[in-house]
Amino acid sequence: MVPSGRRGALHQPIVRKSFYATVERTAKELFFRCKSGINHKMPLTLYKLDASPPARAAMMAAKALNIKDIEYIDINLLEGHHLKDEYTKLNPQHTVPTLVDGDFAIWDSHAIATYLVSEYGADDSLYPAEPKSRALVDQRLHFDSGILFPSCAHGGEKAFIEENLKKIEKAYDFLEKFLTQNWIAGDNFTVADICCGATTSSLDLIVPIAESKYPNITAWLKRCAELDLFKETNEPGNKALGGLIKTKVG
Ligand SMILES: N[C@@H](CCC(=O)N[C@@H](CS)C(=O)NCC(=O)O)C(=O)O
């Protein structure tokens with residue numbers, strides 16, 4: 001179910017301490033390589049924040065593909081690291097996650113996940129090439145981007161207001177109807193489960209998903225949570241997010 005990366009097994013992940021030095025270095029390297037036309041493969045760099053559901057999705061995609069040649073760099077949104085010039089040069093939208101692969105920078109967790117499968121997947125199981133299967137996965141990814149993830153946007157209020165909580169429930173209502181099979185886009189686990197799973201497990205912290213009302217979502221989230229991928233990569237970040245939410249609402 002989880003394919004191996006093509007080149008990942010060779011190296012161990014590196015976690016760098018110096019955020020500024022590394023972002024600056026990456027931006028300089030990108031600039032130099034673009035100018036000089038050098039375009040050889042470098043280790044991947046993923047800018048992330050564990051509490052961020054989209055960042056966790058990108059991390060899970062890399063892990064599902066067994067990509068080990070990847071450097072993880074924390075971007076502290078609360079301290080405004082994402083607004084520094086060094087970061088906005090890579091990603092003008094200043095969101096996490098952002099992936100840098102050689103002279104190529106890409107952001108948005110869905111774009112990152114599908115890119116990683118296309119570029120590094122041993123097969124296409126996580127993002128099927130067959131047009132109808134792919135269209136269904138894409139639909140779920142767009143649902144995550146357009147409905148599910150934005151439903152938790154709180155506009156900076158101290159507490160989650162009623163109107164926003166209703167948006168989350170509306171998103172659950174759709175999701176419940178999509179989940180007629182084991183996984184969100186059918187019988188197979190795909191990047192759609194990774195992205196929607198990261199988001200939904202986080203929304204569950206804000207509006208708990210009642211099994212009686214949403215049996216399909218509950219069963220699917222349980223299936224996701226049983227995977228090592230989710231246990232090791234999603235759960236710790238989701239706990240961190242839970243702490244942040246308590247601070248926000250409390
Ligand atoms: N659709 C984007 C959403 C990314 C996003 O909004 N990330 C938040 C953290 S959860 C962020 O970086 N916010 C900072 C900002 O927008 O400036 C994705 O899937 O990557």
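**Note on the predicted model**

1. The coordinates discussed throughout belong to a predicted model.

2. Helix H8, buried side. H8 covers residues 215-226, which makes 12 residues, and the distance from its first C-alpha to its last is 17 Å, close to the 16 Å expected at 1.5 Å a residue. The buried residues in H8 are Ile217, Trp220, Leu221 and Cys224. Viewed down the axis of H8, the buried residues lie within an arc of 100°, so they line one face of the helix.

3. Overall make-up. The protein chain holds 9 helices and 5 strands. Along the sequence their order is β-α-β-α-β-α-β-β-α-α-α-α-α-α. The chain has 250 residues, and 37% of them count as buried.

4. Nonpolar core. How many residues does the largest nonpolar core have? The number is 58, and the residues with the most contacts inside this core are Ala58, Ala61, Ala113 and Val191. H2 gives the most to the core, with 8 residues. Residues of the core come both from domain 1 (8-120) and from domain 2 (131-249), so the core lies between the two domains. As background, nonpolar side chains tend to be buried together in soluble globular proteins.

5. Ligand shell. There are 13 residues around the ligand, and those that come nearest are Ser52, Pro54, Thr95, Asp108 and Ser109. Two helices, H2 (53-64) and H4 (109-120), each supply at least two residues of the shell. Sorted by class, the shell around the ligand consists of 5 nonpolar, 7 polar and 1 charged residues.

6. Helix H7. This helix runs over residues 191-206; its 16 residues should span 22 Å at 1.5 Å a residue, and the end C-alpha atoms are 23 Å apart, which agrees. Is H7 largely enclosed or largely exposed? Of its 16 residues, 13 are buried, so H7 is largely enclosed by the rest of the structure.

7. Ser202. This residue is found in helix H7. Ser202 is buried because 23 other C-beta atoms lie within 10 Å, and the cut-off for a buried residue is 20 or more. Between the C-alpha atoms of Ser202 and Glu235 the separation is 9.5 Å, while the two residues are 33 residues apart along the chain.

8. Ile184. The position of Ile184 is in the loop between helix H6 (162-178) and H7. Ile184 counts as buried, with 30 C-beta neighbours inside 10 Å. In sequence, Ile184 and Cys196 are 12 residues apart; in space, they are 8.2 Å apart, C-alpha to C-alpha.

9. Asp228. Helix H9 (residues 228-249) contains Asp228. Is Asp228 buried or exposed? Asp228 is exposed, as 10 other C-beta atoms lie within 10 Å, and a residue with 12 or fewer is classed this way.

10. The loop between H3 and E4. Two backbone details belong here. Which peptide bond is cis? The bond from Val96 to Pro97 is cis, with omega near 5°. Pro97 sits in the loop between helix H3 (85-90) and strand E4 (98-101). His94 lies in the loop between H3 and E4 as well. Phi of His94 is near 45°, which is a positive value in a residue other than glycine. His94 counts as partly exposed, with 17 C-beta neighbours inside 10 Å.

11. Asn66. This residue is placed in the loop between H2 and strand E3 (70-74). Phi of Asn66 is near 60°, again a positive value in a residue other than glycine. Asn66 is partly exposed, with 17 other C-beta atoms within 10 Å.

Note on methods
Residues are numbered from 1 along each chain as its sequence is written. This is a predicted model: local features need pLDDT of at least 70, side-chain atom pairs count only at pLDDT 80 or more; totals for chains, interfaces and linings use all residues. A residue is near a molecule or strand if its C-beta atom, placed from the backbone, lies within 6 Å of it. Helices (H or I, at least four residues) and strands (E, at least two) are DSSP runs, numbered from the N terminus. Ala, Val, Leu, Ile, Met, Phe, Trp, Tyr, Cys and Pro count as nonpolar, Asp, Glu, Lys and Arg as charged, and the others, Gly among them, as polar. The expected span of a helix is 1.5 Å times one less than its number of residues. The arc is that of the directions from the helix axis to the C-beta atoms. A nonpolar core is a set of buried Ala, Val, Leu, Ile, Met, Phe, Trp, Tyr and Cys residues joined through C-beta atoms within 7 Å. Domain bounds come from an automatic or database domain assignment.
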